[in-house]
Amino acid sequence: MSVFPAFAAGIIGLPTHMNLVATGWNVALFEYLHASDASPRWLIATAAALAEAPLYAALALAAWTLLRTRDRRGALQLASATSLALVIEAAISRWAFHPRPFAAGMGHAWMVHAANNSMPSTHVTLTWVAALVLFARRRRAMGTILVILGTVLAWARIYVGIHWPADMLGAALSAVVCGSIGWALGHVVADTAGSD
């Protein structure tokens, strides 16, 4: 199906036959969550809208929250964490390409999308990065809203056939790593500048 499971297994030292286990659950869960020809058209149309809009809503809410409170450290953390997430996604795309389900012959894509790298979901990663930054800045209510938006986004992108469930685990891992590095970088830079 893809070179990514073999690449990941090699990094963490799994035997090659373990790749079957690693990809089996992913394909099975995708088939369970993915829309079929029998799925209601209104649900497919709703999922297609929800496969894009929550990212922009999440970033707008995060930016508004940080700007409204003049939280320069939070803004720096958000900018650095999202930038790092994009760099990581580009590196994975180059060295561990993971085809999207429709490109791997696994079902129909119910929205137009390029057959580019699937792992991790950039949309979900950026949404959850923004959520983690808000949690770190003690904006828990808004952070919770963004976690929910990211979860809806994850479901929708699997449902319309442009992502695998494993891409969402990759997004969660990337968000935690990038959010943590962004948090640390924000503290270092802000402490150096003598501001909060």
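This is a predicted model: local features need pLDDT of at least 70, side-chain atom pairs count only at pLDDT 80 or more; totals for chains, interfaces and linings use all residues.
**Exercise 1.** State how many helices and strands the protein chain has, and give their order.

*Solution.* Start with the totals: the chain has 8 helices and 0 strands. Then read from the N terminus, where the order is α-α-α-α-α-α-α-α.

**Exercise 2.** Find what share of the residues is buried, and what share of the contacts with a separation of 6 or more joins residues 24 or more positions apart.

*Solution.* The protein chain has 196 residues, and 43% of them are buried.

**Exercise 3.** Describe how helix α3 packs against helix α7.

*Solution.* Two packed helices are described by the angle between their axes and by the distance between those axes.

Step 1. Locate the helices: α3 covers residues 41-50 and α7 covers residues 140-159.

Step 2. Take the two values: the angle is about 125° and the axes are 8 Å apart.

Step 3. Classify the angle. Angles of 65 to 115 degrees count as roughly perpendicular and those over 145 as roughly antiparallel; α3 and α7 are therefore oblique to each other.

Step 4. From α3 come Leu43, Ile44, Ala47 and Leu50; from α7 come Val152, Leu153, Trp155, Ala156 and Tyr159. Sorted by class, this contact holds 9 nonpolar residues, with no polar and no charged ones.

Key:
Residues are numbered from 1 along each chain as its sequence is written. Side-chain values use heavy atoms; hydrogens and water are left out. Helices (H or I, at least four residues) and strands (E, at least two) are DSSP runs, numbered from the N terminus. Buried means under 20% relative accessible area, exposed over 50%, partly exposed in between (1.4 Å probe, protein chains only). Contact means heavy atoms within 4.5 Å. Axes are lines fitted to C-alpha atoms, for helices over the stretch in contact, and angles run from 0 to 180 degrees between N-to-C directions. Angles under 35 degrees count as roughly parallel, over 145 as roughly antiparallel, 65 to 115 as roughly perpendicular and the rest as oblique. Ala, Val, Leu, Ile, Met, Phe, Trp, Tyr, Cys and Pro count as nonpolar, Asp, Glu, Lys and Arg as charged, and the others, Gly among them, as polar.
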